[in-house]
There are 2 protein chains.
Amino acid sequence: VETSEEAAVLEANQAFYDAFVALDMSAMEAIWSAVAPVSCVHPGWEPLVGRAAVLESWRGIFEGTAKIGMVVRDVRALVAGATAWVVLLEQIEERHGERAVRAAALATNVFVREHGAWKLVHHHAASPQVLEEAEAPPGGMLN
Amino acid sequence: VETSEEAAVLEANQAFYDAFVALDMSAMEAIWSAVAPVSCVHPGWEPLVGRAAVLESWRGIFEGTAKIGMVVRDVRALVAGATAWVVLLEQIEERHGERAVRAAALATNVFVREHGAWKLVHHHAASPQVLEEAEAPPGGMLN
């Protein structure tokens, strides 16, 4: 049975993935804390520290992505006072020109509670393991 | 310039790696929070949730490891109130029989402040990328 704080953390976490999939930069800016330090580990990148660097990375990712298919699985939220973190599996389907790539990555998202709202302060996504790579198929999450 | 809280977090983080390298189970038990929920993502494992499961995993790893060479690099501590997290690169050298493997993995460690002490609540180590694999050489961290 999840507590109301866990539910609130899961909601903040889902808002992050909704913004990601929608390539919605305004939503992404609102999700990350504006007062706490923030950091972000994208697969294969050096860790980024600071709101400017983190948001710039998302802007670049969004600008370079036409469409992304992503679902999250096995989502677990843990809460300790004003600290929360979520562990989950990101399942990603990306299309690069005529090729579709399906991959999965474990991720950790850390949140802090600020005036009652859970704000993202750290995202760490491991390097995705490719599950499937093929000519863009007629079907799948991107269609 | 690091704050005194950042210094305290870096000290707790180093104690975790000292316990790891020393294969010291008592130290490991003291480092993980005994009151907050805890979780742990070992490379290639399903995420573990709960103190019993997490400590059992470390006991198993320690029992299955004769000696481990590990150094941490590019260690960054971020603190927001009673929440802290550390991002770093783990450089690992392991010996399996006659073979030595050198690898590196990005890791996130999350801490919460409990009565003035920073306690580990989450460890996420990405799958190491192998940098070098060779017949056990005369030299290196394990010698």
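Let me start with the largest pocket: 44 residues line it, and nearest its centre lie His124(A), Ala126(A), Ser127(A), Ala126(B) and Ser127(B). Its volume is about 960 Å³. By class, that lining has 26 nonpolar, eleven polar and seven charged residues.

Now the terms. The search runs on a 1 Å grid over the protein atoms alone; a cavity is a set of points where a 1.4 Å probe fits but cannot get out, while a pocket is an open set with protein on both sides within 12 Å along at least five of seven lines, and lining residues have an atom within 4 Å of a point. Points are joined across faces, edges and corners, and a volume is the space filled by probe spheres set on the points. Nonpolar covers Ala, Val, Leu, Ile, Met, Phe, Trp, Tyr, Cys and Pro; charged covers Asp, Glu, Lys and Arg; the others, Gly among them, are polar.

Ground rules. This is a predicted model, where local features need pLDDT of at least 70, side-chain atom pairs count only at pLDDT 80 or more, and totals for chains, interfaces and linings use all residues. Residues are numbered from 1 along each chain as its sequence is written, chains are lettered from A and ligands numbered from 1 in the order in which they are written, and side-chain values use heavy atoms, with hydrogens and water left out.

Confidence next. Chain A averages a pLDDT (the predictor's confidence in each residue, from 0 to 100) of 91, and 94% of the residues score at least 70. For the complex, the predictor gives an ipTM of 0.89 and a pTM of 0.90.

Second largest pocket. It holds about 480 Å³ of space. Of its 23 lining residues, Phe20(A), Ile61(A), Ile68(A), Ile92(A) and Glu94(A) are the closest to its centre. Which strand gives the largest share of that lining? E4(A) does, with five residues. Helix H3 (51–63) and strands E3 (68–80), E4 (83–96), E5 (99–114) and E6 (117–125) of chain A each supply at least two. Helices (H or I, at least four residues) and strands (E, at least two) are DSSP runs, numbered from the N terminus.

On to symmetry. A rotation of 180 degrees with 0.0 Å of shift along its axis superposes chain B on chain A, RMSD 0.1 Å. The two copies are thus related as by a two-fold rotation axis.

The interface. 25 residues of chain B are in contact (heavy atoms within 4.5 Å) with 25 residues of chain A. The chains bury about 2,000 Å² between them, 74% of it on carbon and sulfur atoms. Buried area is the accessible area (1.4 Å probe) that two parts lose on being put together, summed over both. In chain B, Trp85(B), Leu106(B) and His124(B) lose the most area to chain A, together 24% of what that side buries.

Last, backbone. Asp74(A) is not a glycine, yet has a positive phi of about 55 degrees. Asp74(A) is found in strand E3 of chain A.

Notes: Least-squares fit on C-alpha atoms with pLDDT ≥ 70 in both.
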